[in-house]
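Colleague: I have a new model on my screen and would like to learn how to read it. Could you take me through a few features?

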Amino acid sequence: MDLNQQIQVLIDNAPQDGTTPKVIQAIAPVLKSLAGQLQHSQYYILQSANQSWVITTLSHRTQPALEKTVIYAYPTLNDAAAGPFATKDPQVVAGAVPVTHILFQMVAMQPIDSVVFFETP
């Protein structure tokens, strides 16, 4: 699915509240610009059984009070399953997510500081 198709899916699946589809259309050029800088059109995100994304909290090595919450986005299913942050929990699976959808979710997800995109399998 190309970036324009991904944006259209976002618009089509947005709450039809009169605002959200317009917001997506307004930020679509930014989403496409950012997505265009990445190497893949979709990434694999670790998800719980209810499809909540797995969040990892990182602590600074010398200042443990400094923390950052991240989501890891892997280029392939195998990378997601074998990566250093993969879990052995059978309730956690890797799901393919279009890149523009990941970027759009960053607008709405409050506790997330960033997404780490792994580009090389």
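This is a predicted model: local features need pLDDT of at least 70, side-chain atom pairs count only at pLDDT 80 or more; totals for chains, interfaces and linings use all residues.

Colleague: Is His101 buried or exposed?

Modeller: The cut-off for buried is under 20% relative accessible area. His101 has 15%, so this residue is buried. Setting aside residues up to four places away in sequence, His101 touches Gln6, Val9, Leu10 and Trp53.

Colleague: Leu10 is on that list, so to speak; where does Leu10 lie, and what is Leu10 in contact with?

Modeller: Leu10 lies in helix H1. With a relative accessible area of 9%, Leu10 is buried. Beyond its neighbours within four places in sequence, Leu10 is in contact with Ile24, Leu31, Thr100, His101 and Phe104.

Colleague: How do I read the burial pattern of a whole helix?

Modeller: Start with the general idea: an α-helix has 3.6 residues a turn, so residues three or four places apart point the same way. Now the case here. In H1, which runs over residues 3–13, the buried residues are Gln6, Ile7, Leu10 and Ile11. Viewed down the axis of H1, they fall within an arc of 140 degrees, so they line one face of the helix.

Colleague: What covers the buried residues of H1?

Modeller: The cover includes helix H2 (20–36), strand S4 (93–98) and helix H4 (99–108). While you are looking at H1, go to its start: there a side-chain oxygen of Asp2 comes within 3.1 Å of the backbone nitrogen of Asn4.

Colleague: Which residues touch the most other members of the largest nonpolar core?

Modeller: That core has 22 residues, and the ones touching the most other members are Ile7, Ile24, Ile45, Trp53, Ile71 and Ile102. Two or more residues each come from H1, H2, S1, S3 and H4. A second, separate core has seven residues, among them Tyr44, Leu46, Val70 and Tyr74. For a closer look at the 22-residue core, pick Ile45. Not counting residues up to four places away in sequence, the residues Ile45 touches include Trp53, Ile71, Val93 and Ile102.

Colleague: How many aromatic pairs are there in the whole structure?

Modeller: A search finds four. One of them joins Tyr43 and Phe117, an edge-to-face pair at 4.9 Å centre to centre with 70 degrees between the planes. This pair links distant parts of the chain, since Tyr43 is in strand S1 and Phe117 in strand S5, 74 residues apart. Tyr43 has 0% relative accessibility and so counts as buried.

Colleague: Why is the pair of Tyr74 and Phe118 called stacked?

Modeller: The cut-off for stacked is planes under 30 degrees apart. The planes of Tyr74 and Phe118 are at 10 degrees and the ring centres 5.1 Å apart, so this pair is stacked. Tyr74 is in strand S3 and Phe118 in the segment after S5, 44 residues apart. Tyr74 is buried at 3% relative accessibility, while Phe118 is partly exposed at 28%. Ring pairs also bring in Tyr72, giving a cluster of Tyr72, Tyr74 and Phe118.

Note on methods
Residues are numbered from 1 along each chain as its sequence is written. Side-chain values use heavy atoms; hydrogens and water are left out. Rings of Phe, Tyr and Trp (its six-membered ring) pair if their centres lie within 6.5 Å; planes under 30 degrees apart count as stacked, over 60 as edge-to-face and the rest as tilted. Helices (H or I, at least four residues) and strands (E, at least two) are DSSP runs, numbered from the N terminus. Buried means under 20% relative accessible area, exposed over 50%, partly exposed in between (1.4 Å probe, protein chains only). The arc is that of the directions from the helix axis to the C-beta atoms. Contact means heavy atoms within 4.5 Å. A polar contact is a pair of N or O atoms within 3.5 Å; within protein, one must be able to donate a hydrogen and the other to accept it, and residues adjacent in sequence count only if both atoms are side-chain atoms. A nonpolar core is a set of buried Ala, Val, Leu, Ile, Met, Phe, Trp, Tyr and Cys residues joined through side-chain atoms within 4.5 Å.
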